[in-house]
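Colleague: I'm new to this one. Can you walk me through it, piece by piece?

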Amino acid sequence: MKKLTFIGSGKIAESMILGLISSQYLKENICICSPDEKSRTTIANQYSLKNFKNNIHGMHIGDVIILAVKPNIIPTVCSEIKHIENLSNKIIISVAAGINIEKINKYIGEKNTTIVRAMPNTPVLVNQGVIGLYAKKIHTNQKKFITTLFNKIGKTFWLSHENELNGIIAVASSAPAYFFLMMESMQHAAENMGLNKEYIKELIVQTAKGSSILAEHFQDKSFEVLKQHVISKGGTTEAALNLFEKYNFKKIIEKAMRSAANKSKEIECNLN
Ligand SMILES: NC(=O)c1ccc[n+]([C@@H]2O[C@H](COP(=O)([O-])OP(=O)(O)OC[C@H]3O[C@@H](n4cnc5c(N)ncnc54)[C@H](OP(=O)(O)O)[C@@H]3O)[C@@H](O)[C@H]2O)c1
């Protein structure tokens, strides 16, 4: 089993680590590094993980170095990787939005090493994530390993072009927040309508889960068809959907998703 070193102890690192541990990835093979004492030690103590304040200590240990820091910190952590020996035996995986492989390679000093970009989302924590993957050059056995690793925490999608990752960010990485906004809005409305607070959340979660499973079950049916199955002419659902349409719900979603993708492109342009 390869040794994984996470650089950064924030939300996505924790989600990936928890997902991996629950899929039986051995804790002994996971290490976490971050100057952020509080989040690092909280995760490390909870799961008895090796952890270091100094990234370089962890980078030496890992066969795979996972960069889970904000995009603006990538140049800093890459400059630390520069000093690691035997880099050609390691795989570097960056989950940062908007920093392309060419830049990562430049920051690490053009070393001969495999660099993969991975774009996960937080449901990896419960092994139900989506992970977009891209590498410019990668050995078949490394690709197989990465696929197996990420399949433990979600569904993997290898992309043919790096710029597709911006779309994955908009459609999958940022998207749990869109669904939670919808759920939060429904909860708020249900409370205002006087429903019993005790069961509102459960109702909404179960409805979202049921709808997802239904969509997965009927792979061959479009979302439009599934939606039509809920609507009866002149009925309650139609009344609700007419209102969504009146306020241009689809347009709002498209604008929001374009905004996410554009932000990723903007990050790419802003870092030298
Ligand atoms: N959150 C998501 O759903 C998601 C999904 C896909 C991709 N991503 C990508 O994942 C990356 C991290 O996102 P996040 O949401 O996990 O952010 P986050 O919660 O802010 O985590 C970033 C972590 O990196 C630490 N850090 C800062 N400087 C560091 C350094 N020099 N060395 C090592 N660690 C350092 C931070 O510590 P401090 O708090 O002390 O600064 C923090 O623990 C971003 O690039 C983002 O684009 C996130």
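**A walk through the model**

Modeller: Start here: β4, α4 and β5 make a right-handed β-α-β unit. Right-handed means that, with the strands pointing away from the viewer, the path from the first strand over the helix to the second runs clockwise. Helices (H or I, at least four residues) and strands (E, at least two) are DSSP runs, numbered from the N terminus. This is a predicted model: local features need pLDDT of at least 70, side-chain atom pairs count only at pLDDT 80 or more, and totals for chains, interfaces and linings use all residues. Residues are numbered from 1 along each chain as its sequence is written.

Colleague: Which way do the residues of strand β4 point?

Modeller: Val64 and Ile66 point one way, Ile65 and Leu67 the other way, and all are buried. Buried means 20 or more other C-beta atoms within 10 Å of the residue's own; exposed means 12 or fewer, partly exposed is in between, and C-beta atoms are placed from the backbone. In a regular strand the side chains alternate between the two faces of the sheet.

Colleague: How many bridges join β4 to strand β5?

Modeller: Four, and β4 and β5 (residues 91–94) run parallel. Two strands pair if DSSP finds at least two bridges between them. Isoleucine 66 stands opposite isoleucine 93 in β5. Strand β1 (residues 4–7) also pairs with β4 in the parallel sense, over four bridges. There, threonine 5 stands opposite isoleucine 65.

Colleague: New topic. How many residues surround the ligand?

Modeller: 28, and the closest are Gly8, Gly10, Asp36, Ala96 and Ala97. The elements giving two or more residues to that shell are α1 (11–22) and α4 (74–81).

Colleague: Which element gives the most to the shell?

Modeller: α1, with three residues. By type, the shell divides into 15 nonpolar, 10 polar and three charged residues. Ala, Val, Leu, Ile, Met, Phe, Trp, Tyr, Cys and Pro count as nonpolar, Asp, Glu, Lys and Arg as charged, and the others, Gly among them, as polar.

Colleague: Why is helix α7 largely enclosed?

Modeller: Seven of the 10 residues of α7 (residues 164–173) are buried, so the rest of the structure largely encloses the helix. Among the buried ones are Leu165, Ile168 and Ile169. Their cover includes β6 (114–119), β7 (129–135), α8 (175–192) and α12 (249–270).

Colleague: And glutamate 202, buried or exposed?

Modeller: Exposed, because 9 other C-beta atoms lie within 10 Å. Glutamate 202 sits in helix α9 (residues 197–217).

Colleague: How is the chain divided into domains?

Modeller: Domain 1 covers 4–160 and domain 2 covers 175–268. Those bounds come from an automatic or database domain assignment. The C-alpha centres of the two domains lie 32 Å apart. Eight residues of domain 1 are in contact with six of domain 2. Contact means C-beta atoms, placed from the backbone, within 7 Å. The side of domain 1 that touches domain 2 has four nonpolar, four polar and no charged residues.

Colleague: What does the whole chain come to?

Modeller: 12 helices and eight strands. The C-alpha trace spans about 70 × 35 × 35 Å along its principal axes. Of the 272 residues, 31% are buried.

Notes. Near = placed C-beta within 6 Å. Contact = placed C-beta atoms within 7 Å.
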